[in-house]
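Morning, everyone. I have one structure to walk through today. Please have a look at it first.

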Amino acid sequence: MNRGLVLRLESLGQLRGACQQLRALSCRRAWGAQWRPVQAPAHPPCSLLLHTQLWPKHSLGRAALPQCRHLATKEETKRKKKKIPLTRGEVEIRQKMTIEELARAMGKDIDHVYEALLYTDIDLNSLEPDSILYENHIKIIVQKSGMKYKSAKLKEEKERKNTDAPLVSCGGIYHPCSCYLCRPPADPAVLTPRPPVVTILGHVDHGKTTLLDSLRKSQVASTEAGGITQHIGAFLVHMPSGEKITFLDTPGHAAFSAMRARGTNVTDIVILVVAAEDGVMQQTIESIQHAKNAGVPLILAINKCDKPEADPERVKKELLAHDVVCEEFGGDVQAVNISALKGENLMVLAEATVALAEMLELKADATGLVEGTVIESRKDKGKGPLTTAIIQRGTLRKGCVLVAGKTWAKVRFLFDENGKAVAAAPPGIPVEIMGWKDVPSAGDEILEVESEQRAQEVVDWRTYVEQQEKLKKDMEVIEAKQKEHRMEYEQKQQKLAHLTWRQRKAVLYKANKHMIFQRPTEKKEVDENTLSLIVKGDVDGSVEAILNILDSYDCEDECKLDIVHFGMGDITENDLSLAEAFNGVIYGFSVKANESIKKLADKKGIKIKLHNIIYKLIDDLKEELNSRLPPTVVETTIGEASVLDTFSVTVGKNKVPVAGCRVQKGLLDRKMKFKLIRRGNVIWKGSLSSLKHHKDDAQVIKAGMDCGLSLDKHLEFNIGDDIICYEETEVQQTTSWEPGF
């Protein structure tokens, strides 16, 4: 009975082995079988299917592509149950299509596309239904399926008509960088004299604002935070002779370089202020360069000549090195020695300015559409967005529709530098404009248009152009990334080229198995070593200056700096929400935070740091960066001893090495840490297991005394080794970032 059962089981085993061999042989034949397109009678004549000579399609898919199977989700199962519509005629293809999109376009299932991919050089193990195929592979798949292809027509977007506002007059020709017509030049017959626009430049604290105060009989300098100008100001000064001069007062601090450059771009004359006792400084050189770049003539004002240490001649000689040659040295630069504080020689400086303006024959067209430049912009709590502007053409009046950058305005009110309402602003006059929909950027060109509808068209066009430029840059980045990933993929494939597909699959599984059970975190963890900032300023120029300083940050390896948000206006609840989300710090420059905001910030543990002086804000920022850096451990040497002899002591069953030492410097304290130095190299750090003087345990051994000691680690001593007793203290690191001032 048992013998018959055993024979029967052996027969079944042999039968099973024979079946497996037949199945393997059939699979090999099916793999090597030639594919041929066969017209299926159950389908329309134009629909062709893939068939083999030996096996039906579903069996071949199982035999040839077992590696391409994946667990189907419920959605995929439902999608497969739906009847897939068959494509009649040609298949519309695009340059890039996913496997799923191609199968849908062909009226096939995804397995069919996988089968056709056998004829390409693509590794099937790396493909998923949402993997992207390129045009050359798509064409092969369609052809092997017995179909024809045609390129899908791209949705041709109509070429958008340029609706931008015409530029300033330049001869009535097309602008070289655009396709829109420029405004025609003004008729010489209608040109009238205008006040010169004079920019005062120089190093910080050389007396620029004090000079302007003396000219206009005001006290601006006394109201400035820290005694330094931190905004660009535009003022109209009436001279005793009846002449009008528009002055631009620019900051001299290193942080406000962009403001000074903006001032020279709209000016006619530059007054370079240099302190007689300091001479040429860093921002003096920068100001000279700005004037040269703008092609603007210079007048040299040597200030503080009333001081005993003043040396005007030294200043003139120093300026020779920067191609500023005064008239007494054969140049064309007028030099005036003044004292802005005492008002000495100010009329001489004013007369020199008026004389130079007459030589330049400054004229403008006071009729027609308005043109101007935004000098500064800010947000006012009661008035909304405001801009300080210099009018360069036309006469600005209430009701004019203006465009600047990507915003527009219908002028509601005009104010002079004293906040007094004015009816009109002719060319060369500084004016504050109220009525903007949003805050334009400082330096933007102001153009008048015919209507509000026209203004909206201009803004829409400029926004569209900016989006297209951004899209173009993004596409370049995407293509570069795709190329990089493709190269990485090809390199990986080359490394695995000598393996069979089963071996490749095993290698890839081992490399990626740690990612199988990973879940995407719902909230991104913010690195502790990252300082997130929210920057708020009173005017656009101040925010620009702070951001320019932050751009110079080059210590990302110490602490990362992340600017989450920046803008103008007082601190709001939205700023607190951002700071809470990113664990950030809010920095405000010349802005306020009301009591409710401060209480809410305290409740949420959010830091709000308000400053009125630019360099104090940067110092505060550096301290905040220092607090984010981990402390460093500093070793302080307390004592040094030399090993004079070595011996061992039996403790229990173990022999413990002992060093006979003499303290050379300081003292040895058993509580402190020790290190063993041999031939200049540290070979051990730790604590002592024993410290004795003669036969007695000792806590401290002073200089000149002998002692015996053993370590907490079994380590042999050599005569001549050094034992160092030291103390470790934590010291706060400081950032190595230097903003340049």
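Start at Leu211. Setting aside residues up to four places away in sequence, Leu211 touches Ile200, Val273, Ile338, Ala340, Leu346 and Leu349. Keep in mind that this is a predicted model.

Now widen the view. Leu211 belongs to the largest nonpolar core, which has 25 residues. Leu211, Phe247, Ile271, Ile338 and Leu349 are the ones with the most contacts inside it. Which elements each supply at least two residues of this core? On the helix side, α7 (208–216) and α11 (346–360) do. On the strand side, they are β8 (197–202), β9 (233–238), β10 (244–249), β11 (269–275) and β12 (298–303). The most comes from α11, with six residues.

Next, Ser339. Find it in the loop between β13 (334–337) and α11. Is Ser339 buried or exposed? Its relative accessibility is 0%, so Ser339 counts as buried. Its side chain makes a polar contact with the side chain of Asp306, at 3.1 Å. Beyond its neighbours within four places in sequence, Ser339 is in contact with Asn303, Lys304, Asp306 and Glu344.

Last, the whole chain. It has 17 helices and 35 strands. Of its 741 residues, 41% count as buried. Take the contacts with a separation of 6 or more: 69% of them are between residues 24 or more positions apart. The accessible surface is about 42,800 Å², and carbon and sulfur atoms account for 52% of that.

That's my tour. Over to you.

Conventions. Residues numbered from 1 in each chain as written. Predicted model: local features only at pLDDT ≥ 70, side-chain atom pairs only at ≥ 80, totals over all residues. Heavy atoms only, no water. Helix = DSSP H or I, 4+ residues; strand = E, 2+ residues; numbered from the N terminus. Buried < 20%, exposed > 50% of the residue type's maximum accessible area, 1.4 Å probe, protein only. Contact = heavy atoms within 4.5 Å. Areas by Shrake-Rupley, 256 points an atom, 1.4 Å probe, with all protein chains shown as cover. Core = buried A, V, L, I, M, F, W, Y, C linked by side-chain atoms within 4.5 Å. Polar contact = N/O pair within 3.5 Å; in protein donor to acceptor, adjacent residues only side chain to side chain.
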